[in-house]
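Please look over the model shown here before reading on, with the sequence at hand for reference.

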Amino acid sequence: DEDDEDDDEDDFGEANEAEIAAMRAAASKVMGTAGDSDSDSDSDGGMDDAAMFRIDKLLGEAFKSRQQDLRLKKNLKRATRDFKFRVISLLELYAKAQPGSPYLPGAVVTLLDATRDALGKQDPQSVQLAQRISSLINKHISHARDLPDSGDDEVTADDLQEKLKSVIVATNRGAGEGQVFNNAAGAAAAYLLRVLEAVAIHEQGGKPPAAGEEVASAQATECFREGLKMFKSKGSKLKSGFFARMFARHPALAAALLPELFGLVSLDTEKSNARAEFLRLDALTKLIIPVIQSSKKRYPKLAKISTKSMKLISSSIAAGIGAPYKNKNTRADFCKQSAVFIESLDRLLSDVAIKSVLDVDAVIDACAKQMSKAPALPPKATKAIGRICSLLGRQVPVVDIKIEDADDNNDDAGDDSDDELVKKTTAKDKKDKKKSKRKSTDGDAKAFKSNKKSKK
């Protein structure tokens with residue numbers, strides 16, 4: 001295969017060096033013997049036929065030994081590779097037979113590290129091994145019906161917290177084949193979160209709560225709070241899908257992290273920042289809205305929790321709507337998703353009117369602020385703001401679009417704007433000249449054709 005061919009090329013270079021060294025050693029050995037027997041001989045370099053035969057014999061032995069070493073090295077590498085795949089097959093059988101084993105939480109962290117190492121080698125066989133490990137974590141460990149026994153000394157909440165935190169840190173660093181590693185890391189984190197929540201309840205002496213009555217453990221909340229802090233950094237490899245996967249299975253965790261989630265929605269709203277704009281829209285669209293929409297049936301407690309946090313929610317949404325944006329598409333999309341959020345929150349609260357708990361004035365003022373910014377909002381954003389005002393029982397604000405005056409900037413900026421105006425005027429004049437030239441050329445051509453016809 002390709003891997004073996006690459007090894008052959010590397011070994012070929014090594015073999016050449018070894019052969020040269022062997023020939024030199026053999027020649028020096030024979031020459032030394034010949035020099036001792038007859039130092040004054042004038043024969044061909046001091047070597048006779050017997051010496052040449054001895055060199056051939058020594059060189060043959062050197063080549064044979066080198067070929068055996070290369071063959072042994074190749075066989076050892078192939079055996080090691082096959083052994084790794086057999087170990088993965090054995091772990092698959094073990095995970096199926098013993099899904100409640102206390103050793104699986106530790107094994108899943110080790111397997112994730114092995115996935116990273118395999119992807120780092122960037123050769124076809126290693127990538128195939130990483131895919132096999134990822135499949136093992138996804139299919140046979142993450143979806144196991146039984147969990148490790150909570151009373152086992154091998155499994156404690158603090159130990160599981162450290163393992164879960166290590167998986168989040170590893171995901172933040174990323175790996176070569178991002179998709180393969182992210183799938184494995186997401187499955188590993190989801191599994192460890194399930195085990196951690198079960199063990200935390202057992203250690204507190206409680207019983208598993210009924211559906212919709214869950215409360216996130218302090219250990220899990222702390223792990224993902226740190227994860228959301230990492231998510232803010234520019235070099236982070238964490239994706240919103242990683243957190244969305246956890247929140248979909250554990251809405252109580254999202255409820256415990258509401259301050260951090262809405263902190264993302266209001267991130268750096270004082271100035272335009274491409275990274276902050278992306279995070280605000282990403283958090284609202286992929287993390288908050290899906291949890292709000294699914295909690296009506298799955299986690300009704302979120303309605304009560306949201307009502308208590310309505311001041312934070314109002315200020316965050318208002319800050320996000322009124323923030324300056326570099327990207328016009330992000331600007332329009334945030335307005336649209338804000339309307340979706342307010343409508344979804346209204347449905348979740350059901351018994352309470354959204355306009356009676358949300359800070360309506362702050363949100364409407366933010367809408368007016370965004371509408372007054374140049375350039376004018378596109379139709380979908382204008383429609384979204386109309387929907388927000390309708391949900392909150394207010395009229396759409398009537399505002400004038402503010403165009404920034406050149407005096408607000410420094411003198412250099414004013415000079416630059418004047419230069420740009422001159423350039424635009426010059427360019428326009430050139431275009432007009434070209435158009436008039438084309439028209440005159442077309443007129444001359446038409447006149448020439450008509451004269452030609454009249455002559456005929």
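This is a predicted model: local features need pLDDT of at least 70, side-chain atom pairs count only at pLDDT 80 or more; totals for chains, interfaces and linings use all residues.

Residues are numbered from 1 along each chain as its sequence is written, and side-chain values use heavy atoms, with hydrogens and water left out.

The protein has 18 helices and 0 strands, where helices (H or I, at least four residues) and strands (E, at least two) are DSSP runs numbered from the N terminus. Of its 456 residues, 38% are buried, a term that stands for under 20% relative accessible area, with exposed meaning over 50% and partly exposed in between (1.4 Å probe, protein chains only). The accessible surface comes to about 26,800 Å², and carbon and sulfur atoms hold 51% of that area, as computed by the Shrake-Rupley method with a 1.4 Å probe. Among contacts (heavy atoms within 4.5 Å) between residues at least 6 apart in sequence, 79% join residues at least 24 apart.

Helix α4 covers residues 124-141, and its 18 residues reach 25 Å from the first C-alpha to the last, close to the 26 Å expected at 1.5 Å a residue; the expected span is 1.5 Å times one less than the number of residues. Its buried residues include V127, L129, I133, L136 and I141, and also the polar Q125, S126, S134 and N138. A search of the whole structure finds 1 cavity of 30 Å³ or more, and the largest cavity has a volume of about 40 Å³. On a 1 Å grid over the protein atoms alone, a cavity is a set of points where a 1.4 Å probe fits but cannot get out, and lining residues have an atom within 4 Å of a point; the points are joined across faces, edges and corners, and the volume is the space filled by probe spheres set on them. Among the residues lining the largest cavity are A254, L258, L287, I288 and L302. Helices α9 (251-256), α10 (258-265) and α11 (274-298) each supply at least two residues of this lining, and α11 gives the most, with 4 residues.

How many aromatic pairs does a search of the whole structure find? There are 6 aromatic pairs, counted for rings of Phe, Tyr and Trp (its six-membered ring) with centres within 6.5 Å, where planes under 30 degrees apart are stacked, over 60 edge-to-face and the rest tilted. The rings of Y325 and F334 have centres 6.2 Å apart and planes at 40°, so this pair is tilted. Y325 is buried, with a relative accessible area of 14%, and F334 is buried as well, at 0%. Elsewhere, ring pairs link F224, F231, F242 and F243 into a cluster.

Notes
On a 1 Å grid over the protein atoms alone, a cavity is a set of points where a 1.4 Å probe fits but cannot get out, and a pocket is an open set with protein on both sides within 12 Å along at least five of seven lines; lining residues have an atom within 4 Å of a point.
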